[in-house]
Amino acid sequence: MINLERIKNKFKVDKSFKDLPKETKKVFIKRKIKDAGINGSTILFGLFTVAILIWMVVYIFTTGASTLTLDFISSDYTAESLTLAPEEGMIEAPGNLTFENSTNAEHFSSKWGVAFGDGKDNLQNNVVYVIHIEENSPFNDFVNPKGEKVALTSDYYCNYISISTDGMDFEQLNGSDLSAQEMAEQLDKAEYIFGSNYQTRGEGIRGSLLTTLLLIAFSLLFSLPLGIGAAIYLGVYAKNGPITKGIRTLIDVTSGIPSIIFGLAGAIIFIPFVNAVSGTSGGNIFSGSLTMAIMLLPTIVKTTEESINVIPKSLTQASLALGASRTQTTFKIVLPNALPGILTSTLLSIGRIIGESAALVFAMGSTIGNTASFTNGYASLAVHIYVILGGEAPRYQAACAIAIIILIVVLVLSLLVKLISLRLNRFKGAK
């Protein structure tokens, strides 16, 4: 339906513009041009920012997706090397015996009864894995330097096998230079084997992942009671005055302090404190958690206090009118209704802990471990990225794989925060 009134009003505006003085028209036009320039530049920079963000996400996922496997998540960072050799130092091929390929492996040495497979290590280098050894194969009789028999598993890839065709001169079949098929073919030509070396994948993030989970648990254990208690005091008990204003000012100032300063404080204060109490030395989970707890307090206090302030005053007044004490009202009326805000602050804190690196380098340590430890300062996931990107050979694929995990966790937490915020807003306008 045509809005005649709108057309009429537009016509009046246009007509009145024609009747304006020339100088007024110039000012009006300049203002329109200025507004158009501001709006255009805002849109341009906004699109530029979005484009960079999309490029970063695409790069991270395309670079790290192939590395992000279950083995990468569950394996150790430090590769385990295994040297095996015949007990006598050299073993001869078992005569005219030909081993049967019981597993129908594609690359099988019928002379020695061992099957190989192509694969990649956690750095995406081509390697050759020992995927099967027949029951009577001489490979089952190899021992480590201590004289102990060790069963090879598919977790190990072959660094080299020392062979010989005449029992005198020998050569090494390097797994990094040969494919699985070439390894099987060359081994079929060998009459003697002197020794071999194998290695696990390494470069895994199991230790850093476990350390991050422990860091989250202890950081929240230290920060949530303090933060929620401070929010209850400010939102329920405190009266508006210089002391309350000073506390809120300190909270705001603390939230703006760079994380590297918190790391310095953790190294100077919390590491000596934890070492004196526990008898350990250096940074560990507890010194890192205490440092993170101080960093998280502003977020927890402010978010929880806001959730307390949106609760209708009529609820607390009705509770008090019915004879409940201020403490009973706080724990039975205020806190249950402020639970969405508390959960929001918890999720925001978890995201901060996962993404923090600068403070933890000083307060906890940057050594990448194979498992989590209460007494050693092993690296978290974010610090893990910092470490492997340092040095002369940055490992971008592994770093991007870890970044994918962090991005997914942060995205999930952000969505949960949005959902909780919707519930938090149910009391808006109800005061």
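Which element gives the largest share of the nonpolar patch? The largest share comes from α13, with six residues. The structure described here is a predicted model.

Two elements, α2 (22-64) and α13, each give two or more residues to the patch.

L422 illustrates the contribution of helix α13, in which this residue is found. With a relative accessibility of 62%, L422 counts as exposed, because exposed residues are those over 50% relative accessible area.

## The largest nonpolar core

The largest nonpolar core holds 49 residues. Within this core, I228, M292, I353, I388 and I402 touch the most other members. At least two core residues come from each of α5 (206-237), α8 (285-309), α10 (326-355), α11 (358-363), α12 (381-388) and α13 (396-424). Helix α13 gives the most to the core, namely 12 residues.

## Salt bridges

Side chains of opposite charge can pair when their charged atoms come close. Across the whole structure, a search finds eight salt bridges. Three of these pairs are described below.

R248 and E305 form a salt bridge in which the closest N and O atoms are 2.5 Å apart. This pair links distant parts of the chain, since R248 belongs to helix α6 (residues 242-255) and E305 to helix α8, 57 residues apart. R248 is partly exposed at 27% relative accessibility, whereas E305 is buried, its relative accessible area being 10%. D252 and K302 form another salt bridge, with 3.3 Å between the closest N and O atoms. D252 lies in helix α6 and K302 in helix α8, so this pair ties together parts that are 50 residues apart in sequence. D252 is partly exposed, with a relative accessible area of 41%, and K302 also counts as partly exposed, at 34% relative accessibility.

A further salt bridge joins the side chains of D141 and K149, with an N to O distance of 3.6 Å. D141 counts as partly exposed at 37% relative accessibility, while K149 is exposed, with a relative accessible area of 55%.

## The negative surface patch

On the surface, E106, D118, E182 and E185 gather in a patch of negative charge. One of these residues, E106, lies in the loop between β2 (91-92) and β3 (107-109). E106 counts as exposed, at 72% relative accessibility.

## A loop residue and a distant partner

G89 lies in the loop between β1 (81-84) and β2. G89 is partly exposed, and its relative accessible area is 34%. G89 and I342 are separated by 253 residues in sequence. In space, the C-alpha atoms of G89 and I342 are 66 Å apart.

Terms used. Residues are numbered from 1 along each chain as its sequence is written. This is a predicted model: local features need pLDDT of at least 70, side-chain atom pairs count only at pLDDT 80 or more; totals for chains, interfaces and linings use all residues. Side-chain values use heavy atoms; hydrogens and water are left out. Patches are made of residues with over 30% relative accessible area and no salt bridge: like charges are joined within 9 Å, nonpolar side chains (Val, Leu, Ile, Met, Phe, Trp, Tyr) within 5 Å. Accessible areas come from the Shrake-Rupley method with a 1.4 Å probe; for residues, only the protein chains shown count as cover. A salt bridge is a side-chain nitrogen of Lys or Arg within 4 Å of a carboxyl oxygen of Asp or Glu. Lys and Arg count as positive and Asp and Glu as negative; His and the chain ends are not counted. The place of a charge is taken as NZ of Lys, CZ of Arg, CG of Asp or CD of Glu. Helices (H or I, at least four residues) and strands (E, at least two) are DSSP runs, numbered from the N terminus. Buried means under 20% relative accessible area, exposed over 50%, partly exposed in between (1.4 Å probe, protein chains only). A nonpolar core is a set of buried Ala, Val, Leu, Ile, Met, Phe, Trp, Tyr and Cys residues joined through side-chain atoms within 4.5 Å.
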